[in-house]
Amino acid sequence: LRFSRDAATSKSAENVFVGLVTVFRWLSVLFATFAEAMAEGRGKAQAATLRKTRAETTAKRRRSDGSVEEIPASRLKVGDECIVVAGQVIPSDGDVIEGIASVDESAVTGESAPVIRESGGDRSAVTGGTKVLSDVIVVRVTARPGETFLDRMIALVEGAERPKPPNEIA
C-alpha cells in the first residue's frame, strides 16, 4: 500500500512538472512572437519616418548663373550645388564646398553632440537627412537619387528579419 502511494505521488509530481514545462515553452514562444511583432512595427515606423523626411525635403539648388531655385530633393543630380541654411535639412549626401556649419547628425549616427562640417579636408562630407544648426553651407551632391545613405537605411530597416531559433521554429 505504501509503495503504490509513493508511485502515485511521483507520477502526479511528474505530470505537474511536464505541465509547467509545457506552459513555460508556450509562454516563451508567445513572448518571442510578441517581441518580434513589436520590433517589426517599430522598424516600419522608423522606415515611414525616414521616407517622410526624404519626401518632404526640398533643396535650394544653385544654378550656374548664380540664381537659386527650390526643387524637391528627389530631383537632385550628382554635381548639383545646394545652399543649406541653419534650420534646414541637408537634401542629399554630398560634400561641403563653401562655408562652415554645425550639423546635427543624431538622426543618422545617434550621437547627440553636433559636429562641425567645413569645406575642404576630411570634415566636408555630409549626409542627407541631417540638419544644419548654424550658419550657411553650400553642398555639392555626390549621390544619385535612390542611392543615398537615407535610402540605404530605409532599405535595411524594411528588409530586416531576424533568424528564428530552432525552438521557435518547432
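Modeller: Let us start with a term: a nonpolar patch is made of residues with over 30% relative accessible area and no salt bridge, whose nonpolar side chains are joined within 5 Å. Please keep in mind throughout that this is a predicted model. With that term in hand, Phe 17, Val 18 and Val 21 form such a patch on the surface, and together they have about 270 Å² of accessible area.

Biologist: What makes Val 18 partly exposed?

Modeller: The relative accessible area of Val 18 is 46%, and since partly exposed covers what lies between under 20% for buried and over 50% for exposed, Val 18 counts as partly exposed. Val 18 is placed in helix α1, which runs over residues 2–56.

Biologist: How is the protein chain built up along the sequence?

Modeller: The protein chain has four helices and eight strands, and their order along the sequence is α-β-β-β-β-α-β-β-β-β-α-α. Of the 170 residues in the protein chain, 26% are buried, while the accessible surface comes to about 11,400 Å², with 58% of that belonging to carbon and sulfur atoms.

Biologist: Why is the contact of Asp 80 with Arg 61 called a salt bridge?

Modeller: In general, side chains of opposite charge can pair when their charged atoms come close. The rule asks for a side-chain nitrogen of Lys or Arg within 4 Å of a carboxyl oxygen of Asp or Glu, and the closest N and O atoms of Asp 80 and Arg 61 are 3.3 Å apart, so the pair qualifies as a salt bridge. Asp 80 lies in the loop between β2 and β3 and Arg 61 in strand β1, so the pair ties together parts that are 19 residues apart in sequence. Arg 61 and Asp 80 also belong to a network of salt bridges that links them with Arg 63 and Glu 69.

Biologist: Are Asp 80 and Arg 61 buried or exposed?

Modeller: Buried means under 20% relative accessible area; because Asp 80 has 14% and Arg 61 has 13%, each of them counts as buried.

Biologist: Which residue meets Glu 98 in a salt bridge?

Modeller: The partner is Arg 62, at 3.0 Å from N to O. This pair links distant parts of the chain, with Glu 98 in strand β4 (residues 94–104) and Arg 62 in strand β1, 36 residues apart. Glu 98 has 37% relative accessibility and counts as partly exposed, as does Arg 62 with 22%.

Biologist: What makes the contact between Asp 151 and Thr 148 a polar contact?

Modeller: A polar contact needs a pair of N or O atoms within 3.5 Å, one able to donate a hydrogen and the other to accept it, and the side chains of Asp 151 and Thr 148 make such a contact at 2.9 Å. Asp 151 is placed in helix α3, residues 149–159, and because its relative accessible area is 10%, Asp 151 is called buried.

Conventions
Residues numbered from 1 in each chain as written. Predicted model: local features only at pLDDT ≥ 70, side-chain atom pairs only at ≥ 80, totals over all residues. Heavy atoms only, no water. Patch = residues over 30% accessible without salt bridge, like charges linked within 9 Å, V, L, I, M, F, W, Y side chains within 5 Å. Areas by Shrake-Rupley, 256 points an atom, 1.4 Å probe, with all protein chains shown as cover. Helix = DSSP H or I, 4+ residues; strand = E, 2+ residues; numbered from the N terminus. Buried < 20%, exposed > 50% of the residue type's maximum accessible area, 1.4 Å probe, protein only.
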